[in-house]
Amino acid sequence: MAEQQISQDFKAWVGASDMPAGKKKVVLAALRLFSEKGFDGTATKEIAIESGMSQATIFKYFKTKEDLLYFIITPLMKNIIPVYVADFKDAMEQRQNNLEALIHYVVRSRYNFLADNSEVASIMLAEILTKDKVKAKFIEMLAERGGDIVKVFTNLAEKSGEIRSDVKPEAVIRLIVSQVLVYFLQNHKIFEPRDQKQVDEDLAEIEKLIITAIKK
């Protein structure tokens, strides 16, 4: 399987940084273990074994395991993920005159984005829900980038007239996000993964649900 793109970009960022080689090994080991076992399920000793560094070395670079987590999440949210958000916004704008085409693209592309980057997505989703500091960084990123996404749905409502007047663009986004996230978690974290044909059928049902809920 090809390396997941966000992980690849993050590893490239780590590799290009001027941090000591031992610190790089610790960061990359933590990325893998946090994605597999979760932050709370990963012991510092396991990071030491995975990285080939001693626990003393880990605590030389990071005062706590939480500091290590934030060291990973901060560049992801500040430098890496926003690039994907910008690309997503540009692709949405090309479909903003047709409701069904836009919803089809958003549902499929966001599910595939999560599935293709499940290593990072697993860390982000778990920690956003449980760590106030991580949630604050996520909200900050949304404040900087979310307006562009809302604008696409606002333009769709104004230009095509397909969205009900009592449905706000923010509500459309919440509906899509909730449906796609729950399905991703079901298919990758809770139940056995479904095959591609089943996934296509499930996503088609999600698209119909969303369109029925918001279309005039």
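This is a predicted model: local features need pLDDT of at least 70, side-chain atom pairs count only at pLDDT 80 or more; totals for chains, interfaces and linings use all residues.
Local features require pLDDT of at least 70 and side-chain atom pairs pLDDT 80 or more, whereas totals for chains, interfaces and linings use all residues. Residues are numbered from 1 along each chain as its sequence is written, and side-chain values use heavy atoms, with hydrogens and water left out.

The largest pocket has a volume of about 1200 Å³. A pocket is an open set of points on a 1 Å grid over the protein atoms alone, where a 1.4 Å probe fits, with protein on both sides within 12 Å along at least five of seven lines; lining residues have an atom within 4 Å of a point. A volume is the space filled by probe spheres set on the points, which are joined across faces, edges and corners. Of the 37 residues lining the largest pocket, F138, M141, L142, V177 and L181 are the closest to its centre.

A search of the whole structure identified 15 salt bridges, each defined as a side-chain nitrogen of Lys or Arg within 4 Å of a carboxyl oxygen of Asp or Glu. In the salt bridge between R108 and E207, the closest N and O atoms are 2.6 Å apart. Both R108 and E207 are buried (under 20% relative accessible area, with exposed over 50% and partly exposed in between; 1.4 Å probe, protein chains only). R164 and D166 also form a salt bridge, at 2.7 Å from N to O; R164 is partly exposed at 29% relative accessibility, while D166 is exposed at 55%.
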